[in-house]
Amino acid sequence: MSILTNKHILLGVTGSIAAYKSADLASKLTQAGAQVDVILTGAAQKFITPLTFQSVTGCRAYVDADLWGNEAHVLHVTLGKTADLIVIAPCTANTIAKLANGSADDLLSITSLAATCPMLIAPAMDGGMFDAPATQENLARIKSRGAVAVGPAQGHLASGLSGAGRMIEPAEIFGHIRIALGRGERLARKKVVVTAGGTQEALDPVRIITNHSSGRQGYALAQAALDAGAEVCLITTPTCLTPPVGARVVHVKSAEEMLSAVLNESADALIMAAAAADFRPKHVAKEKMKKRDGIPQIELESAPDILKTLSNVNADKSKYRAVIGFAAESKNLLENAREKLSSKKLDFIAANDISSTDAGFAVETNRVTLLFADGTRESLPLMSKSETAERIIEHISKLLE
Ligand code: CTP
């Protein structure tokens with residue numbers, strides 16, 4: 001179950017060259033489990049056909065002629081009333097003007113007027129048209145009624161000019177849709193800090209000691225917290241992943257930097273999903289170590305244990321109300337995890353058997369057992385890291401209730 005499962009999204013497509021990108025958005029939404037009803041304006045059909053959307057959504061795409069068809073008198077009301085969210089992407093200056101004025105002269109504008117659900121628009125037009133006082137005033141009016149506008153982005157425009165006018169990319173709109181749907185969910189008005197990735201401990205300006213953590217579980221947790229309506233801060237080491245839309249990202253490298261970042265924040269919950277180093281080089285060479293100088297002897301020292309340090313600072317829960325850890329173990333999973341649960345003073349810990357090939361580091365799936373401070377436990381089956389994250393977020397929601 002994702003935030004989009006069984007959600008009803010009404011996707012309005014208007015006359016901009018960015019209309020071709022909306023097919024990708026419709027496809028992403030459908031694959032995520034949403035029912036996507038598409039309405040194309042007349043101008044949108046100059047750029048893309050209803051068939052394109054029908055092919056990716058498996059549902060009928062509507063055009064103005066449908067207003068006068070068999071379902072005539074109720075179509076716009078039905079579409080408007082059953083939608084969880086109206087998304088208009090791309091949204092032209094003309095459509096923004098219609099929405100601002102409550103005009104209802106085509107299926108999309110009539111349906112938008114009849115709908116009572118939240119609305120998200122992704123403006124797309126030439127930069128000059130976007131900056132025009134009329135557009136800005138219209139935009140301000142629809143925003144004051146609760147509509148969310150995302151973008152436009154800066155860049156090359158169809159006119160050959162460059163400026164702010166490009167529709168933001170479908171993946172980014174998709175992220176904003178998740179945020180819009182998450183408002184009012186269980187973690188609304190709550191803040192969650194998530195750490196992710198393997199820390200990097202420098203040997204010299206070129207070399208580092210790190211580990212196999214990909215950051216996937218941490219990024220999935222940040223997304224699941226956003227889906228649940230939380231404000232999210234993602235403290236991450238360098239990874240090849242794209243942070244979820246809406247998360248505030250703090251970049252760190254070493255365990256020391258991660259510790260500072262964790263102590264610098266405060267939130268309802270902290271999820272320490274990062275694989276922080278236990279050891280680091282005692283001396284970091286200022287210059288690159290040269291081969292000709294022979295094989296270096298590297299002396300290690302302890303890196304700070306972030307959770308243990310925090311447990312002293314946070315004894316009164318003034319920084320984080322709930323603290324959740326992970327235990328990466330290759331043997332004696334539950335015994336070791338239970339010891340970490342108590343020594344790091346956690347509310348619960350997700351115990352991870354890293355010896356299996358389908359769970360733990362750098363794979364898409366995970367199999368964890370949650371051990372709670374009250375002695376109870378729950379074993380989750382093998383599932384995607386996103387599903388694992390959703391289950392962990394459910395438990396955090398209960399803890400914070
Ligand atoms: N952790 C931490 N600071 C560290 C190392 C780990 O806060 N320097 C956190 C991890 O983010 C995780 C939990 O402690 O939430 C357990 O991490 P893990 O690597 O399993 O255990 P360690 O405490 O490092 O002990 P060991 O490596 O000996 O198993």
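Below are some quick questions and answers on the ligand site and the pockets of this predicted model.

Q: Which element gives the most to the shell around the ligand?
A: There are 15 residues around the ligand, with Ala274, Asp278, Phe326, Lys340 and Lys344 coming nearest. Two elements, α11 (306-313) and β17 (320-329), each supply at least two residues of that shell. The one that gives the most, with 4 residues, is β17.

Q: What is the volume of the pocket where the ligand sits?
A: The ligand sits in the largest pocket. That pocket has a lining of 39 residues, with Ala274, Ala275, Ala276, Asp278 and Ala328 nearest its centre. By class, the lining splits into 21 nonpolar, 12 polar and 6 charged residues. The space in this largest pocket comes to about 870 Å³.

Q: Which element gives the most to the lining of the second largest pocket?
A: The second largest pocket has a volume of about 670 Å³. It's lined by 23 residues, and Arg178, Tyr219, Ala220, Gln223 and Ser386 are the closest to its centre. Two or more lining residues come from each of α8 (170-182), α9 and α13 (385-400). The top contributor, with 6 residues, is α9.

Note on methods. Residues numbered from 1 in each chain as written. Predicted model: local features only at pLDDT ≥ 70, side-chain atom pairs only at ≥ 80, totals over all residues. Heavy atoms only, no water. Near = heavy atom within 4 Å. 1 Å grid on protein atoms, 1.4 Å probe; cavity = no way out; pocket = protein on both sides within 12 Å on 5 of 7 lines; lining within 4 Å. Sits in = over half its atoms within 2 Å of the grid points. Points joined across faces, edges and corners; volume = space filled by probe spheres on them. Nonpolar A, V, L, I, M, F, W, Y, C, P; charged D, E, K, R; others polar.
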